[in-house]
Amino acid sequence: MARKQLNKEQRRYIRLNYKTMSNADMAKQLKCDSRDIVEALREMELLDEGPVHKALPLRKVYKQDILWGLPALLIPIVIYTMTMCRTLYVGDSGEFSAQGTVLGIAHPPGYPMWVLLLKCAVSLFQPWISPIFEHQAARGAFLCAIVAGLATFFLYILLLKLSHYRTVALLGS
């Protein structure tokens, strides 16, 4: 069956109504086949045929991948622990360390989740575990080291899932 060529006015009608009307309704109004409407939409590049590319599959994470990611977890923790401030310091870090020990409210907005985490860290990391935890501010700074290590570890997992290569993920994190 030969397809009907749509004239300029019919194409204008399709361009104005393709978002609000179905192809069948436009075909009924223009007294043509709905395949003609679809062909006209393709010619006018108005037909959305979905994404041009398919998403790549994400890589499954195995136990060996977790072991490969341990340097991404441990290196930031070790470096941060070696360089952390072991006492109260001026500014926000000192204020949050002080508020974390007493469950106080720091300046607005207060960061309640971080203060609760600091309180847990102050209670958990006692001086008998290591001599670097004598001061309560050092315990809070060690929490920052753990959070930094976890952030790089999860970045490693994300890069591993996207790139499919352990070395690329480890070097990227």
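The chain holds eight helices and zero strands. Here a helix is a DSSP run of H or I with at least four residues, a strand is an E run of at least two, and both are numbered from the N terminus. From the N terminus on, the order of elements is α-α-α-α-α-α-α-α. The radius of gyration is 31 Å, well over the 16 Å that the globule rule gives for 173 residues, so the chain is more spread out than a compact globule. That radius is taken over C-alpha atoms, and the rule is 2.2 Å times the number of residues to the power 0.38. The C-alpha trace spans about 90 × 45 × 20 Å along its principal axes.

The model is predicted: local features need pLDDT of at least 70, side-chain atom pairs count only at pLDDT 80 or more, and totals for chains, interfaces and linings use all residues. Residues are numbered from 1 along each chain as its sequence is written, and side-chain values use heavy atoms, with hydrogens and water left out.

Of the 173 residues, 31% count as buried. Buried means under 20% relative accessible area, exposed means over 50%, and partly exposed lies in between (1.4 Å probe, protein chains only). The accessible surface comes to about 12,100 Å². Carbon and sulfur atoms hold 65% of that surface. Areas come from the Shrake-Rupley method with a 1.4 Å probe; for residues, only the protein chains shown count as cover. Contacts (heavy atoms within 4.5 Å) were also sorted by sequence separation. Among those between residues at least 6 apart, 52% join residues at least 24 apart.

The chain carries 20 positive and 13 negative charges, and their mean positions are 5 Å apart. Lys and Arg count as positive, Asp and Glu as negative; His and the chain ends are not counted. Each charge is placed at NZ of Lys, CZ of Arg, CG of Asp or CD of Glu.

Gln 5 sits in the segment before helix H1 (8–17). Gln 5 is exposed, at 61% relative accessibility. Leu 30 belongs to helix H2 (residues 23–30). With 13% relative accessibility, Leu 30 is buried. Leu 30 and Arg 11 are 19 residues apart in sequence, and their C-alpha atoms are 9.9 Å apart. Lys 31 lies in the loop between H2 and helix H3 (34–43). Its phi is near 55 degrees, a positive value in a residue other than glycine. Lys 31 is exposed at 71%.

The peptide bond from Pro 108 to Pro 109 is cis, with omega near 10 degrees. Leu 103 is in the loop between H5 and H6 too. Its phi is positive, near 55 degrees. Leu 103 is partly exposed, at 45%.

Helix H7 covers residues 136–163; at 1.5 Å a residue its 28 residues should span 40 Å, and its end C-alpha atoms are 41 Å apart, which agrees. The expected span is 1.5 Å times one less than the number of residues. Ala 138 lies in H7 and is buried at 0% relative accessibility. Neighbours within four places aside, Ala 138 contacts Met 84, Cys 85, Arg 86, Ile 132 and Phe 133. After H7 comes His 164, with a positive phi near 70 degrees.
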